[in-house]
Amino acid sequence: IKEPWRTAIQLINSCKGFKLAVDIPSGLNPDTGEVEDIAVRADMTVTFHRVKKGMLISPEICGEVVIAPIGIPPEAEIIMGPGDARQTLISVSRQSGEVVLLEDLSNEAKDFMNLLGASVKMSGNGQVVYIGKRSREQNVSGRKIVGFDLDIGREGVSIITFKEAAEKYKIDITGDLHQKISKLSRISSEIEHPIYVVGDNVDLLIGASRWKMSWIDRPLNELGLNILIATILALLARGADTFEAASAAGYLAGVASSSGYPTVLNELRRLMER
């Protein structure tokens, strides 16, 4: 915390009066709950829209928490959109990561991973591994995996179609959207990682306790699928949360699929501006 804000926080904390924080106490990281230097120790925090993750980790900093609605519609919470994508892109580690491809991806996908700060190799011991549909089985234990139809207990993201999900998990995924989500959430909990379900008119990202849907009403084309895979791989290699990495990837994949590679490159650069 720089001056004069650091001194201001010290003065606030030394006061005996009731301390009210707005949105989040100054000095508290809203994502991690960490206090790197100093933070306001509030008696009450009035936060906007919803509680931030960091507030749940460090409740002693926030005091009583009151949520104030600011008009954001509920749909904004479930759409893979630019806001969440930007938050993930700017919050990942500044260190580069390594991605190992057990099956090759397009040149656009590999260039995209480089722009996202990940180096790409076709073999080795990178933190994150891509297993394609034609990949030979290899020992990838201890690493995060992105691939199609992953086994139980693998840390990473499974990419699968609705038809493949129905056949593999022996479930009926007909019915309305919420019925599909409920069934797939149980599967995600059982296999212990998120599932990205590619559909004909909507994609779903399903975790054990949360879900999101794609923002475009059309299926992903080949470019979109490559950008989806590339983005998840690169963000995981740089330490992003698995679900958040897949959500950011879903948004960028939609842009690529609907508007082409130059447009998604421009959108990536815009989102990464600090």
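**Close-up views of a predicted model**

**View 1. Helix α7 and what covers it.** The cover over the buried residues of α7 includes α6 (162–169), β9 (195–198), β10 (204–206) and β11 (211–213). Helices (H or I, at least four residues) and strands (E, at least two) are DSSP runs, numbered from the N terminus. This is a predicted model, in which local features need pLDDT of at least 70, side-chain atom pairs count only at pLDDT 80 or more, and totals for chains, interfaces and linings use all residues. Residues are numbered from 1 along each chain as its sequence is written, and side-chain values use heavy atoms, with hydrogens and water left out.

View 2. Helix α7 spans residues 177–191. Its buried residues are I181, L184, S185, I187, S188 and I191. Buried means under 20% relative accessible area, exposed over 50%, and partly exposed in between (1.4 Å probe, protein chains only). Seen down the axis of α7, the buried residues fall within an arc of 165 degrees, so they line one face of the helix. The arc is that of the directions from the helix axis to the C-beta atoms. An α-helix has 3.6 residues a turn, so residues three or four places apart point the same way. H178 and E190 are exposed, on the face of α7 turned away from its buried side. After α7 comes E192, with a positive phi near 70 degrees.

**View 3. Helix α9 and its ends.** Helix α9 (residues 242–259) has 18 residues. It is mostly covered, with 16 of its 18 residues buried. D241 caps the N-terminal end of α9. A side-chain oxygen of D241 lies 3.1 Å from the backbone nitrogen of F243. Just after α9, G260 has a positive phi of about 100 degrees.

**View 4. E267 in helix α10.** E267 sits in α10 (residues 261–272). E267 is buried, with a relative accessible area of 12%. Not counting residues up to four places away in sequence, E267 touches P82, Y251, L252 and V255. Contact means heavy atoms within 4.5 Å.

View 5. The largest nonpolar core has 48 residues. A nonpolar core is a set of buried Ala, Val, Leu, Ile, Met, Phe, Trp, Tyr and Cys residues joined through side-chain atoms within 4.5 Å. F112 and L233 have the most contacts inside the largest core. Beyond its neighbours within four places in sequence, F112 is in contact with I227, T231, L252, Y261, V264, L265 and L268. A second, separate core has 17 residues, including F162, L184, L204 and I206.

Note on methods. Expected span 1.5 Å × (residues − 1). Polar contact = N/O pair within 3.5 Å; in protein donor to acceptor, adjacent residues only side chain to side chain.
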